[in-house]
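The following exercises concern a single protein model.

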Amino acid sequence: MSNAMLNFSIRPRTLRWLDLCTFGPKKGESVDLLNESTVTWFNDQVSLDESSHETQTELQIGDGVESDARIRAWLDIAFYKPDQLRQRIAYALSQIFVVSDKDAELSGRQTALANYYDLLVKNAFGTYKDLLRDVTRSPVMGHYLTMVNNSKDNPDENYAREILQLFSCGLHEREIDHNLDGLEATYKLDTDNKRIPCYTEDDIRELARVFTGWVRNNDSWHTPMIQLEDSEIRDSESKSLFNGTLFFNAGNENYDENEGIDNSETDLEILLEALQNHPSTAINICYKLIQLLVTSNPSSAYLQRIVDVFNDGTEKLVELGDPAPAAGEEKGQLKAVIWAIISDNEVYTAPPTYMSKIREPWLSLVYIYRALNVDVLPNVGNGGDQSNKRIKNNLSYSKTCNQYPLGSPSVFNFYLPDYQPVDLLPFEYKDSSLTSPELQIMDWSHIVSVQNHIFGMFNRNISYGEGITNTNTCLTSSDGGIYNTYQKLLFVDIGPFYNAVKVSDKIGFVNAVSTRFFNSLMPKDLEIQIIDAFPRGDLSVQASNWTQRLLSLALSSPYFHVQQNLNSFPYRTTLPEPAGSGYVNCNI
C-alpha cells in the first residue's frame with residue numbers, strides 16, 4: 001500500500017504518529033484524528049503559521065523576568081502552539097546545525113539565539129540548500145564558528161571544517177551497504193576495509209578562503225550577514241576543492257543580498273550546489289534526521305528509501321498533492337524527506353532493534369506535561385484557549401535534563417551519533433554495532449533528577465481535573481504573595497488517574513495510563529507491576545498520594561523512556577478514555 005494512502009485507522013498507530021511528529025499527544029487528539037488522512041494532517045501542519053521564538057522570547061522578557069526567557073518561550077511554543085510538526089523538525093535541525101548559548105558572547109543574546117532558531121523553523125519544509133545558505137549567513141553562526149570578519153590575510157578554518165564534517169558530506173565518504181544495518185552500513189570502504197576521508201586539510205584551507213569578507217549587516221545580530229566586495233578582505237582569487245573537482249574562478253563577484261540579484265556564480269552559491277550534490281551529503285543528513293526523529297539504528301533499506309527521496313523528492317511531493325519541482329530542483333526537498341521519514345511503513349511495524357530510540361530527557365518532560373494538559377495561573381483548567389499562555393518555569397533544566405534547546409557543550413551536539421553504551425548492552429549484543437546516542441548524556445544522577453522531577457509533577461498542590469478540589473487553581477493576582485508563588489508553577493490534569501485510584505479501579509487506571517503514555521499498548525509486564533503496586537483497602541483518603549506514586553512508577557519504566565513499537569511486546573489493548581471535562585470551576 002502506498003504510504004500516501006495511510007490513515008489513522010487505529011488508535012495505537014495514531015498515538016505513535018503523534019508521539020513522533022509532535023512534542024507529545026494531548027488528551028483526545030488521537031480520537032479526533034481517527035480515520036483521518038495522514039496526508040491531510042501533514043499538509044495542515046505544514047500550512048500553519050510559524051510560531052516565532054524571537055517574538056515569544058521578547059514577550060517573556062517583557063514580563064519582567066529576563067533570565068531563561070528563551071527557554072520559557074520555547075516551552076510556551078512546545079506546550080501550546082499548534083505548529084507542532086514544524087517545531088519538532090526545527091528541534092531536530094537545531095541538533096545538526098548547532099549553535100549554543102554556552103558561548104560567552106551568545107549567552108547574553110537571547111533574542112539573537114531565538115532568531116537563529118526561527119531560521120530553522122522557517123526552513124523545516126524548504127530545501128536543504130536554502131537551509132544551509134541561511135545557516136551560513138546567520139550572524140549567530142558566523143560568531144559561533146568564528147567566520148564573521150574572516151579576512152583573506154589569515155582565513156579562519158573553523159566554519160569551513162564544520163560545514164563539511166557536520167552540515168553536509170561528513171568526515172568520511174558514504175554509501176549504503178545493504179548487507180549491514182545502522183551506522184556501519186553507511187560508510188564506503190577502501191580495498192583495506194578502511195573508511196575513506198571526504199576531504200583533506202588542503203580542502204579545509206581552500207574552503208576557508210571562500211568564507212572571507214563576511215560581516216554583520218550594520219552590526220546586526222538579527223539579519224543575515226553580508227559579504228564585502230573589498231578585495232583587501234575578501235579572497236577573490238581562484239580556489240579548488242575535492243582534488244580539483246570543485247573549482248571557483250578568479251574574479252567571482254561577492255554575494256549580493258539585494259532582491260533579484262543572480263548570485264549563482266558567487267563562491268557561496270557554487271559551494272552550496274556542490275555540497276547538496278555531493279554523494280555523501282544525502283546519506284549523512286538523512287541518517288542524522290532519522291536518528292533524531294525516529295530510530296537510532298535504521299535498517300539499510302529504510303535509510304535507502306529516505307536517501308532516494310533526498311536525491312529526488314518528486315514522487316513524495318506529488319503524494320502530498322504538491323506540483324512536481326522544476327527541473328534541477330528535485331534534490332534536497334526537506335518537506336518530501338520529512339514525509340518519507342515519518343510515513344514509512346517500517347516506522348510502525350519494525351521490531352525495536354531497528355525501530356527504537358531513547359527519549360531525550362528534555363523531551364520526556366515536555367511529553368508528560370503535554371499529555372497532562374499543562375496549565376498555569378490564572379484560570380487553570382478553565383477549558384479556554386491556551387495558545388497565548390506564558391509560563392514562568394524552566395523545568396530546572398540545568399540540573400535535571402543535562403540538555404536544553406541551543407545549549408549543547410560544543411558544535412558536536414549533546415551526544416555523538418555513533419555512541420555505543422557498551423557496558424549497558426546485553427551479552428548477545430556486545431559485538432554489535434548498535435548505537436544509542438542519547439544515553440551519552442544520561443548518568444544515574446540525571447536519571448534520578450528526571451524521576452524526582454516527574455514525581456513532583458503530581459503534587460496535590462499543583463494538580464487539577466475532574467473530581468479534584470484544589471483552591472490553588474483559582475488564585476488571582478489579588479491574592480498577593482501566594483499567587484506570585486503559584487504562578488511560577490505548572491499545573492497538570494490528573495483527573496482520570498485520581499478518580500480511578502480513588503475507587504481502586506486498577507483496570508481503569510491502567511487504561512488511562514496506557515492511552516496517555518504508551519500508545520494504548522501498555523506491555524503486559526508493566527501492567528502487572530502497576531496492579532501489584534495498588535495497595536489494599538479504601539484509597540479515597542489517600543488517593544492523591546497513591547496517584548502520584550503509581551504514575552511515577554509507570555513513568556519510570558523503560559517502556560516509556562524508549563520510543564518504539566510497543567506491539568512488539570505482549571500487551572493488552574486498552575479502551576479509549578472517556579472524554580470528561582477536566583475543567584475547573586472557580587465559581588462554586
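**Exercise 1.** Are Glu319 and Lys316 buried or exposed? Determine also how their side chains are related.

*Solution.* The model is a predicted one.
Step 1. Residues count as buried under 20% relative accessible area. Both Glu319 and Lys316 are buried.
Step 2. Their side chains meet in a salt bridge, with 3.4 Å from N to O.

**Exercise 2.** Which parts of the chain does the salt bridge between Arg70 and Asp101 link?

*Solution.* Step 1. The side chains of Arg70 and Asp101 meet in a salt bridge of 3.1 Å, N to O.
Step 1. Arg70 is in helix H5 (residues 69-80), whereas Asp101 is in the loop between helix H6 (84-93) and helix H7 (110-122); the pair, 31 residues apart, thus links distant parts of the chain.
Step 2. Arg70 and Asp101 are both buried.

**Exercise 3.** Where do Lys188 and Glu173 lie, and how far apart are their closest N and O atoms?

*Solution.* Step 1. Lys188 and Glu173 form a salt bridge, and their closest N and O atoms are 3.7 Å apart.
Step 1. Lys188 lies in the loop between helix H10 (158-165) and helix H11 (201-210), and Glu173 in the loop between H10 and H11, so the pair ties together parts that are 15 residues apart in sequence.
Step 2. Lys188 is partly exposed because its relative accessible area is 30%. Glu173 is partly exposed as well, with a value of 23%.
Step 3. To place these pairs in context, the structure holds 27 salt bridges.

**Exercise 4.** Describe the surroundings of Pro25.

*Solution.* Step 1. Pro25 lies in the loop between helix H1 (11-21) and helix H2 (29-33).
Step 1. A relative accessible area of 4% means that Pro25 is buried.
Step 2. Leaving aside neighbours within four places in sequence, Pro25 is in contact with several residues, including Leu15, Leu18, Tyr367 and Arg370.
Step 3. Pro25 and Ile368 are 343 residues apart in sequence, yet their C-alpha atoms are 9.3 Å apart in space.

**Exercise 5.** Examine the backbone at Asp219, Ser520 and Pro378.

*Solution.* Step 1. Asp219 is not a glycine, but has a positive phi of about 65°. Asp219 is in the loop between strand E1 (214-215) and strand E2 (226-227), and is exposed because its relative accessible area is 54%.
Step 1. Ser520, also not a glycine, has a positive phi of about 65°. Ser520 is in the loop between helix H23 (506-517) and helix H24 (524-533), and its relative accessibility of 1% makes it buried.
Step 2. The peptide bond between Leu377 and Pro378 is cis, with omega at about 0°. Pro378 is in the loop between helix H18 (361-371) and helix H19 (397-400).

**Exercise 6.** What radius of gyration does the protein have, and what value would a compact globule have?

*Solution.* Step 1. For 588 residues, a compact globule would have a radius of gyration near 25 Å; the protein has 25 Å, so the values agree.
Step 1. Buried residues make up 56% of the 588 residues.
Step 2. The secondary structure comes to 26 helices and eight strands.

Key
Residues numbered from 1 in each chain as written. Predicted model: local features only at pLDDT ≥ 70, side-chain atom pairs only at ≥ 80, totals over all residues. Heavy atoms only, no water. Helix = DSSP H or I, 4+ residues; strand = E, 2+ residues; numbered from the N terminus. Rg over C-alpha atoms; globule rule 2.2 N^0.38 Å. Buried < 20%, exposed > 50% of the residue type's maximum accessible area, 1.4 Å probe, protein only. Salt bridge = Lys/Arg side-chain N within 4 Å of Asp/Glu carboxyl O. Contact = heavy atoms within 4.5 Å.
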